[in-house]
Every structure is written in C-alpha cells, then in structure tokens.
Amino acid sequence: RETTIQEAAMKQVLRTALSSLPALASYQTICCEPQTPARCIAVLIPGNPGFVSFYAPFAQTLSEQLSARITIIGLAGHVSRATPGYSSFAPPVTLDEQLAHITEAARPIANAAQDE
C-alpha cells in the first residue's frame with residue numbers, strides 16, 4: 001500500500017524524536033499473563049504517574065477477566081530511584097519523544113501478535 005503524506009510526516013517525527021530521546025530516559029515494562037490461555041493481547045500505556053508498578057494490580061485483574069496478555073509500557077523517564085540507570089539529572093522527555101518511545105516499545109509486541 002502507498003504511504004500517505006501524513007504517514008510519511010509522522011514517521012519523520014518519530015525518527016527525529018527517537019534520535020533525540022535522552023540516553024538516560026529509562027523505562028520499565030510488566031507483562032501480566034492470565035492463568036488460562038490468552039485469547040487476546042493488549043498494551044496498557046499509563047498516564048500520570050507513568051510507573052508500571054502503579055498499574056500492575058489493575059493489569060493483572062484485567063488480564064484474568066479478559067483472558068488477555070497485558071503488557072504495561074512505562075513512560076520514558078518514569079522510573080523509581082532504585083531503577084538501574086536512574087538519574088535525577090536526566091533531561092525531561094518531550095511529548096514527541098514519549099510518542100516515539102511508546103511506538104518503538106510496542107512494535108515488538110505487535111509483531112509477535114501477528115506471528116501467533
């Protein structure tokens with residue numbers, strides 16, 4: 001299929017944002033598996049706070065109720081001080097950088113889902 005002008009522009013924004021994403025912008029993910037075979041896959045992107053641990057109980061309950069594999073992708077830079085690589089001096093992450101981060105972090109999940 002042909003790439004539209006809008007899609008091409010968005011890809012350029014993502015490339016630019018990814019190339020400028022601060023190297024110290026750590027993030028975390030958590031995957032919640034149901035006890036029965038998963039019928040679907042979902043990605044949960046947190047709001048504020050962007051810590052995955054805050055949403056883990058909700059994701060686990062959702063996983064069980066929907067028989068779904070739920071992956072929480074934390075926002076870039078939203079990690080606890082105990083996280084390896086954490087730096088209080090890391091520059092803030094822009095909205096475009098967050099969008100690029102989430103897009104790239106979700107890509108392997110989407111690709112794996114297509115292979116199943």
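**View 1. Helix α3 bends at Arg107.** The bend in α3 comes to about 30° at Arg107, with a proline, Pro108, following within four residues; a bend here is the angle between axes fitted to the seven residues ending at a residue and the seven starting there. This is a predicted model, in which local features need pLDDT of at least 70 and side-chain atom pairs count only at pLDDT 80 or more, while totals for chains, interfaces and linings use all residues. Numbering starts from 1 along each chain as its sequence is written, and side-chain values use heavy atoms, with hydrogens and water left out. Helices (H or I, at least four residues) and strands (E, at least two) are DSSP runs, numbered from the N terminus. Helix α3 covers residues 95-115, and its end C-alpha atoms sit 31 Å apart, which agrees with the 30 Å that 21 residues should span at 1.5 Å a residue (the expected span is 1.5 Å times one less than the number of residues).

View 2. Glu104 and Arg107 form a salt bridge, their closest N and O atoms being 2.6 Å apart; the term takes a side-chain nitrogen of Lys or Arg within 4 Å of a carboxyl oxygen of Asp or Glu. Being three residues apart in the helix, Glu104 and Arg107 are separated by about one helical turn. Glu104 is partly exposed at 32% relative accessibility, and Arg107 is partly exposed at 39%. (Buried is under 20% relative accessible area, exposed over 50%, partly exposed in between, with a 1.4 Å probe and protein chains only.)

**View 3. The open sheet.** Three strands line up in the order β1-β3-β2, with mixed pairing; strands pair if DSSP finds at least two bridges between them. At the edges are β1 (29-32) and β2 (40-44), each pairing on one side only. β2 and β3 (residues 68-73) run parallel over five bridges, and Ile41 has Arg69 as its bridge partner in β3.

**View 4. Glu33 meets Arg69.** This salt bridge joins the two side chains at 2.9 Å, N to O. Glu33 is in the loop between β1 and β2 and Arg69 in strand β3, so the pair ties together parts 36 residues apart in sequence. Glu33 is partly exposed at 40%, as is Arg69 at 22%.

**View 5. Around Thr71.** Thr71, in strand β3, counts as buried at 9% relative accessibility. Leaving aside neighbours within four places in sequence, its contacts (heavy atoms within 4.5 Å) are Ile30, Cys31, Ala42, Val43, Leu44 and Ile109. Ile109 is itself one of the buried residues of α3.
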